[in-house]
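I'm opening my notebook on this one and jotting things down as I look them up.

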Amino acid sequence: MSRGKRRLRLVRRIVQVAFLALFLYLIVRTAEPLDVPVPANSFIRMSPFLALTAMLSARTLMVLFIPALVVIVVTIVLGRVFCGWVCPFGTTLDISDRFLHRWRRKQRNEREGQPPYHTVKYAILIAVTVAAAFGVQVAGWFDPICIATRTYGIALYPYANFVGEKTLHAAVRADVLPGFVSWVQQVAYQYFLAFKQPVYRGHILFLLIFLGIALLGLIERRFWCRHLCPLGAMLDLVARISPFRRYVRDGCTNCLRCQRECKMGAITGSGEETRRGECIECFACDAVCPEAVSTFSFRRDNIQRARSAGLTRRGFVGAVVGGVAAVPILKTNFARADGLLRFVRPPGAEDESEFLAKCVRCGECIKVCITGGLQPVLLEAGLEALWTPKLVPRVGYCEYKCTLCGMVCPTEALPILSLEEKQETVLGTAFFDRNRCIPWAENRNCAVCEECCPTPTKSIVLRDTGLKDEVTGEPLRRPYVRPEVCIGCGLCEFKCPLPGRAAVMVGPVRSPELRRRRRVRGGDDRGGGQQRRRGRAGRTL
Amino acid sequence: MCPMRRITRRSFLRKGSALAGAGGAAVALGLCTQCGKRTSEEEIRLKPLKENDLSRDIVVARGEDPAGITKAALAALGGLGKLVSPGDIVVVKPNISWDNLPKYAATTNPDVVRTVVELAVEAGAAEVHVFDHTLNEARLTYKRSGIAEAAEQAGARVSYVRGQNDPRFREMAIPAGVVMTSWPIHGMLTRADVLINVPIAKDHSLTRLTLGIKNLMGLAGGERGTWHPDIAQRLADFSSAVKVDLTVMDAYRILVDHGPTGGSLDDVRETHTVIAGTDPVAVDSCTTTLFDMKGEDIGYIRAAHDRGLGELDLARISVREVTV
């Protein structure tokens, strides 16, 4: 057993933890003021699976995915180091696998070959890619970076924030070490805690999906990576041409310790052969080899290569058919046929079909939204729109001078908007429910919606009625919407003082010609920190 | 497969007591997070008016420099030292509610806020706190208004209000309340010795003008929108409980239409004025003249006057004018 080899495994673990820490840091700081040293969406942009499918379905070249190209090049040269060293979801599973160790069933005997479900990952990869070629983008449901982003950002972070915030409040109330506690609170709010407790729709679903994947670790370590992950399958296919391979020198006693240690099931037969595409270069085999003969090198005369598994012809055809079949199944969308899309998309998502083709459902915009109003769509817009973002104004409105969602979108499904563009971007149109609205239904003055309307000339106006307020006797004025000015930000709906459903609500844009607006003011309004500091540079490479 | 582990008495006791201990600790922590909510009403009381030797006049200062006229106005009242004693905790309450640059006159002029904070620090205040329960996102308004930076530079502690359910809002009694007998109010007002209200004068559709008394809404938590049908009475109730020691009205720029949000320079008038005084009703009443109105025109000024909270009649207010 060589000490140097063990050190390599240690280095790998340190790198893994470092990347996971960076990932978590970026998730936490995907929030105003977005002052992160690297783009908040860096990890999502590293996924070649998302890159390929998004470009196929949107039929555009996406420069934002250059990091994914780098991952491909690295994989060609070194193999699946991304899976073994970088992927935050892989590292998460390594950690959860460790906890499951006690209950895991006995290791499969690798000589039996791969289990029948091993090729599911190739099938998912092919089916999703074929569907993307026909304009159906569902890669985000399966991509591990997207799953990790949703798990951590939309489920676990709000839980952690809840516990952290409540604990600090308890400490403040208990008044122990007040100076220290208030310092901790200040630091916590600056670096970790959310401005306000985030609450996301369907967060338990994301938690359950994650727990389900993690519990598969009871069967085998890295079960997801071995058998299900489409990004892993893609890198597997690429890595097969990598010249950097595991190589066993003379002196192997076929003790099979390496085979038992390999969490990917990449070592077959007598322990000397490796399935190149399965190996994620974790260097565990090196570390445990008692004879120190297991090594990695660029040697060309390496012939100890086990046949990598792949889809059978039948499996391949099945996956292609499945991908094609998904197109009519998802696109025959009753919600859209019925005009049921009664909600509002984030700013800049103007054409629903284009938006669905570009959006990878990663949840970045939902996490970053400054008011917390962006929420995951469940089934109300059809299965094809599952986990895309929508604005729920009663939870949070679209802030007039905020451009964060476009700044973190990895595919420009939400475009990067300048402050001026944002203020003339129309999300929807407000309308009144006169049966609930206080001045209409109760003859009392109210005007909260008019007061807070952020458009400079007011999209909600009050008109004299000639009537009197029934209690105060003041002249009664009632609110009206000016659809030609309204941008549908939902602040009126958010602030409507009625309990429960608001009397003023934002629905889809009344008519297409209301979409683009004349600029409302000069381009001199750059006082805000987020725009000044990040600007468009937030997305450059 | 691992063999079934037998449960011995020893292991049962050991694991059982560990579990019970962990559960007990969790319950204790849970109770701890709840305990503060049961504080009795008597313990939290809003600050009273502070005895002071400031002039009872209303000072109207005019000039080109917002900091200069603020200084001049406070000097004409006798100087902030006559209100703020060394060691006092001072709350300076500007309007930071809207996400607009100072030139749109939707938020208090940062130079006015800076000057008031500086003078309070000079007078020996131990802590000067600046905050507002904003309507737009606080992280944006604090920045874009320039107030957070100005106040911090001048030595204030600037804090955010984290929405209407911020735990610092505590349900407090309004003993003289007519339509409202209690409301969640910012806890800082139980600690503070002095409250200096630093509003901006501007248009407001429902109340016609938003001035000093209306600016106090930024100290209230809860669903403030429900005040609107009875806004005049509600504001009078609220200001009967929240005692303002000094009002420094920023009228350097005023917003004459499309308030209180603003956003168009067409609606802004450069009036280059600061109006200060200890009587919150009189300061508001005086300020209405900048909009060619009278105190009687504004419902909440009338209501506050009727409750005896201050003088509304301009003829009975002694106004001192200063030009810098």
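Predicted model: local features only at pLDDT ≥ 70, side-chain atom pairs only at ≥ 80, totals over all residues.

**Where the chains meet**

I started with the contact, which takes 31 residues from chain B and 40 residues from chain A.

Next I asked myself which helices of chain B each supply at least two residues of the side that touches chain A. I found α1 (9–35) and α4 (138–144) of chain B. Of these, α4(B) gives the most to the side of chain B that touches chain A, with 4 residues.

Then I sorted that side of chain B by class. I got 14 polar, 9 nonpolar and 8 charged residues on the side that touches chain A.

**Chain A by itself**

I moved on to chain A and its parts. How is chain A divided? I noted domain 1, made of 3–167 + 203–297, and domain 2, which covers 425–517. I also looked up how far apart they sit: going by C-alpha atoms, the centres of domain 1 and domain 2 of chain A are separated by 51 Å.

For the overall dimensions, I wrote down a box of roughly 100 × 65 × 45 Å along the principal axes, filled by the C-alpha atoms of chain A.

My tally of elements for chain A came to 24 helices and 10 strands.

Last, I checked burial and contacts. Chain A has 541 residues, and 48% of them count as buried. Among the contacts in chain A with a separation of 6 or more, 77% are between residues 24 or more positions apart.

Terms used: Residues numbered from 1 in each chain as written. Chains lettered and ligands numbered in written order. Contact = placed C-beta atoms within 7 Å. Nonpolar A, V, L, I, M, F, W, Y, C, P; charged D, E, K, R; others polar. Domains from an automatic or database assignment. Buried ≥ 20, exposed ≤ 12 C-beta atoms within 10 Å, placed from the backbone.
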